[in-house]
Structure formats: C-alpha cells, structure tokens
Amino acid sequence: MRIFALLSVLGIALQVPVVTAQDGSISGPTSSSSAAGYSCDPSQCQLPNCNCASTSPPGGLSPSDVPQFVVFTADDAVQSYTIDSVNQFLAQRKNPNGCPIKMTYFTSLNYTNYTLVTDWFVAGNEIADHTMTHVGSPPADEINGNIIALNALAGIPLDAIQGFRAPYLNYTAQTLQLLADVDFTYDSSSASSIPVTDPGTDAYWPYTLDNGLANDCLTVEGICKGQPKIPGLWEIPMYAFFDNLGVDGPHLMDPWLDTANGASSVNDTATFEYMQNTFTAHYTGNRQPIGLYTHPIHLSTTYPGVDPPNSTIQMINQYLDWAQMQQDVWIVSNEQLLAWVRNPVPVSELDSFEPLKCPTPQVDPSLQICNGIPQNEAGLLEECDFPDFPFFTCYGCPQVEVSPSNPNPPQQVPAGQQMRYRLPANCSTPFWDPIAGSCLCQSSACAFTDNSRPIGPNGANLTGGGTGGDGFDGSGGTPTPTYINFNGANPVKLWSGSLVGMMSALAVGAFGAATGWVLVNV
C-alpha cells in the first residue's frame with residue numbers, strides 16, 4: 001500500500017496526518033463491448049473536430065505509415081524534486097527530428113512551486129489541470145480555480161491549459177460536462193484496460209464524445225451506451241501495460257511500483273519484459289499510443305525520505321532506450337498526440353509537422369526579465385513564504401494562499417516595491433515583463449492572442465492581466481479583466497510561446513522548492 005506524508009522543504013518531518021490515496025491502478029477490465037454499447041457513423045463524425053472511438057489509425061492511414069507515439073505524463077505538484085525525477089528519463093533524449101522531448105504535467109496546486117511551472121512551460125512542456133487540491137470527482141471551482149491560479153501565479157496562458165486528468169482517476173459524467181463548459185479540449189482520465197491483441201480491446205485512438213464514452217463502462221456510472229454526448233470534447237485513454245496474466249494483469253500508472261505475474265514482490269526484470277511485450281503488441285498492430293503515466297515523486301533521488309531503487313530507474317531508461325531504437329517512435333505530450341490525431345500525416349511527412357517542431361523564443365539572455373527562462377529571471381523571483389507550502393513566483397505573492405473559493409487573491413506588496421502585472425491576453429509568457437508591465441514582443445514572429453475562458457464567477461469570461469484580487473478588496477490592485485474582443489474577430493494564437501526542450505532542474509534548484517508529497521511504502 002502507498003501512503004503519502006507531508007514533509008518540509010528542508011526534509012524535516014512535520015507532525016501532520018497521513019492519508020491513504022488511490023494511485024490510478026486498475027485490477028482488471030474496466031469496460032466491455034456490450035457495456036459500451038458504442039455506435040458512431042464515421043461518415044458523419046470526421047476530423048479534425050470529431051472522431052469515432054476506433055482501434056484503427058485516424059485518417060485512414062495504414063499502421064505502417066503511422067508513428068508509434070509514447071506519451072509521457074506526470075501528475076500532482078511541481079517541485080524541483082519532481083522536475084529532477086522527470087529529467088532523469090527525458091533530458092538526454094531527442095525525437096527523430098532532433099527536437100528535445102515534450103511531456104504533459106497534470107498540475108495540482110498544493111505544494112507546487114509556481115515559478116517551476118512557468119519554467120517548465122516556457123521550456124516547451126504542456127501544463128494541464130489536475131484540480132487545485134487534488135480531489136476526485138471534483139466540483140467546478142476545483143477545476144476552474146486551477147486554471148485561474150496557474151494563469152495568475154505561473155503565467156500560463158488560459159488557452160494553453162487544454163487538458164484535464166481527474167485525481168485518483170475518479171471522474172463522473174458531470175466532470176466531463178464541467179470540462180466542456182469551460183472550453184477544455186480533452187480529458188485523460190479513462191483507462192484502456194484490455195490488451196490490443198484481444199478482439200474486444202478498448203485501446204481506442206483518442207476520440208470525441210459526440211457519441212459518448214467507450215471506456216470505463218464497467219466502473220463509472222452514467223456513461224457509455226451513447227452517454228455523455230459532449231460534441232468536440234476529446235478523450236485520450238490511458239493505455240495499460242499487461243503482464244503474463246493478460247487481461248487479468250493490467251498495470252496503468254507507475255507500473256514499476258506494481259508486482260507482476262501474480263508475484264508477491266516487485267521485480268524490475270519482469271516489469272521490463274511486460275512493458276516491452278505490450279509495446280511490441282501496439283507497434284506491430286494498429287500502433288495505438290502507449291504511455292508512461294507517472295507520479296514523479298516516487299522516483300525522485302533528491303527528495304529527503306524517498307529512496308527509489310537505482311535498478312528501477314535504470315530499467316525505465318533501458319525501456320525508453322529500447323523503444324527509441326525502433327523505427328518511427330516519438331515520445332510526446334498529450335497535446336502533441338492530439339494535434340497529430342486531428343491532422344494525421346504519414347511518418348514520411350513528420351519532419352514538416354509543426355506540433356513536433358521545436359521553435360525557440362528569441363529573448364536576449366542579458367535582459368533581466370522574470371519570464372520563465374532561468375538566465376533572464378535570476379534574482380527577480382518573489383518568495384511567498386506561506387507556512388504550509390512556500391513557493392516562488394514572477395507575478396507577485398498573494399495576500400493569502402489560493403483556494404477554490406479564492407484562486408486569485410490580491411497581491412501582498414513588499415515595502416518599497418510595486419505590484420507586479422499578471423500575464424495579459426496579448427503577450428506570451430517568455431516575452432512578458434511582469435515588473436515593468438510591458439511586452440518585449442514587437443514583431444509578427446511572436447504575435448500572440450490568448451483566448452478567454454468562461455471560468456469566472458457565474459461563468460464570466462476571463463482573460464489574463466491585472467494584478468490580482470477583484471477590485472473591491474481595498475488592495476488597490478487591478479482585477480483580471482473580462483474578455484473584450486476589440487476587433488470582433490475570433491482570437492487566434494499565432495505563436496504558443498513555448499521553448500521546446502528540457503531544462504535542467506539544477507538551473508532552478510537555487511530558487512528553492514515548495515514542500516511536497518513523499519512516498520512511504522508500508
């Protein structure tokens with residue numbers, strides 16, 4: 001059993017309660033063809049905005065013309081320890097086009113160091129929603145507040161937060177509707193729980209909910225058999241590995257923590273073998289994606305109290321080494337995977353496929369600007385010294401800790417300083433100077449427009465900007481404005497503001513890290 005305990009950033013034990021938590025594991029099939037009752041007319045449901053749940057590659061491509069995508073995701077708080085953990089697997093790797101690896105970080109906010117979220121995003125990675133306080137089957141304020149706080153304190157554009165994963169993988173049909181209500185692009189909380197070699201496999205390529213869900217039909221009430229119908233909302237299933245027990249031996253999140261083949265103890269060799277075998281089944285079949293879905297704190301070598309076996313870390317790297325030796329294998333984020341599914345091109349054209357490229361924002365390294373690039377922001381971060389979980393930010397410390405009821409509190413301004421300006425809707429993160437309140441972007445090459453999201457009180461549309469608070473709290477701050485589209489046109493993001501590549505956590509470790517979850521096996 002896995003138990004999470006809260007420790008201080010210095011590694012000194014705190015006297016706090018411990019809580020047991022589900023961990024995203026499954027023990028058998030979570031769906032079946034009869035339970036799914038799924039029906040979809042591909043002549044009516046067509047890309048890029050509709051896709052039927054299917055085991056066949058999108059766009060009518062032959063499997064031999066399809067890349068084998070390996071999706072890498074991480075869940076929970078972002079700290080220097082978790083960044084170190086991810087980097088030990090990805091920092092040294094590149095995709096076939098020479099670009100560094102991107103991944104998706106499903107971010108919850110308790111114990112998160114916001115400046116590391118900024119840095120990770122500007123380094124090219126996807127930041128996604130995992131609720132504010134890590135609650136399963138979350139209410140709207142947990143989902144929406146996460147977007148607001150990540151925008152306000154980490155400078156993540158509202159429109160960039162397009163994905164969601166439910167903590168503990170606990171979600172309902174209502175959860176999915178809440179995502180659609182605030183313009184999410186996709187959910188990734190469901191499990192693909194039947195091997196691709198089984199005729200009844202539920203290993204579908206990502207699909208839209210125009211015709212309901214086709215996964216988790218045996219475990220989540222009120223879904224499947226055509227429900228919930230949510231046109232345009234994508235589901236990216238989480239694809240399980242399977243050991244020698246087949247459908248009775250699935251492994252989903254953090255498979256290296258599981259025992260294999262009915263054994264009583266973890267065996268890295270057995271884990272490596274079933275990960276290889278499951279990959280091969282995907283690769284030699286219809287090339288449905290496969291994933292490494294991680295809680296990176298489990299494998300941290302730098303967090304006090306966590307001591308993962310070196311053999312396990314070597315095994316995971318050995319698996320990725322082996323996978324990358326195969327032809328046409330790409331390690332990607334959910335965002336990149338979905339971009340390809342919506343516009344599938346054969347492997348021969350991937351070199352020119354924009355979502356897999358690695359553009360770099362051109363920011364003078366000598367400039368002092370708090371923008372998510374370590375050499376620019378050194379010495380400019382504000383430390384928000386809250387007793388539960390201190391953090392750093394470029395965008396001004398809030399007077400109180402963020403919460404679902406107050407995700408963007410007014411700023412607490414240090415004596416002799418001024419309020420910092422939050423990321424506005426017309427400047428991308430690496431070009432925004434929150435201290436001067438100005439944008440370095442002066443050309444079409446870095447033009448940017450962030451879309452609004454209906455995430456404010458009573459569904460009000462919000463966009464970036466302001467200094468925090470609601471304008472009525474006596475702080476003198478400027479609230480985040482509701483969206484005003486001056487030219488009457490639909491806003492379009494012309495450049496994502498992402499610097500592709502894995503930055504080393506060593507570059508940001510000097511900034512400190514907030515407290516985090518520590519894994520204790522009992």
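Colleague: On what basis are the features reported?

Modeller: Because the model is predicted, local features need pLDDT of at least 70 and side-chain atom pairs count only at pLDDT 80 or more, whereas totals for chains, interfaces and linings use all residues. Residues are numbered from 1 along each chain as its sequence is written, and side-chain values use heavy atoms, with hydrogens and water left out.

Colleague: What percentage of the 522 residues in the chain is buried?

Modeller: Buried means under 20% relative accessible area, exposed over 50%, and partly exposed in between, with a 1.4 Å probe and protein chains only. By that criterion, the buried share of the 522 residues is 59%.

Colleague: How many residues of helix α2 are buried?

Modeller: Helices are DSSP runs of H or I with at least four residues, strands are runs of E with at least two, and both are numbered from the N terminus. Helix α2 covers residues 80-90 and is mostly covered. Its buried residues include Tyr 81, Ile 83, Val 86 and Phe 89.

Colleague: Which elements does the cover of the buried residues of α7 include?

Modeller: The buried residues of α7 include Ile 313, Ile 316, Tyr 319 and Leu 320. Contact means heavy atoms within 4.5 Å. The cover of these buried residues includes α2, β12, α6, β14 and β15.

Colleague: How far apart are the end C-alpha atoms of α7?

Modeller: The expected span of a helix is 1.5 Å times one less than its number of residues. The 16 residues of α7 should therefore span 22 Å, and this agrees with the separation of its end C-alpha atoms, 23 Å.

Colleague: Is Tyr 319 buried or exposed, and which residues does Tyr 319 contact beyond its neighbours within four places in sequence?

Modeller: Tyr 319 lies in helix α7. Its relative accessibility is 0%, so Tyr 319 counts as buried. Beyond neighbours within four places in sequence, Tyr 319 is in contact with Phe 241, Phe 272, Met 275, Gln 276, Phe 279, Ile 290 and Leu 292.

Colleague: Which side chain is joined to that of Arg 93 by a polar contact of 2.9 Å?

Modeller: Arg 93 lies in the loop between α2 and β4, and counts as buried because its relative accessibility is 5%. A polar contact is a pair of N or O atoms within 3.5 Å; within protein, one must be able to donate a hydrogen and the other to accept it, and residues adjacent in sequence count only if both atoms are side-chain atoms. At 2.9 Å, the partner of the Arg 93 side chain is that of Asn 317.
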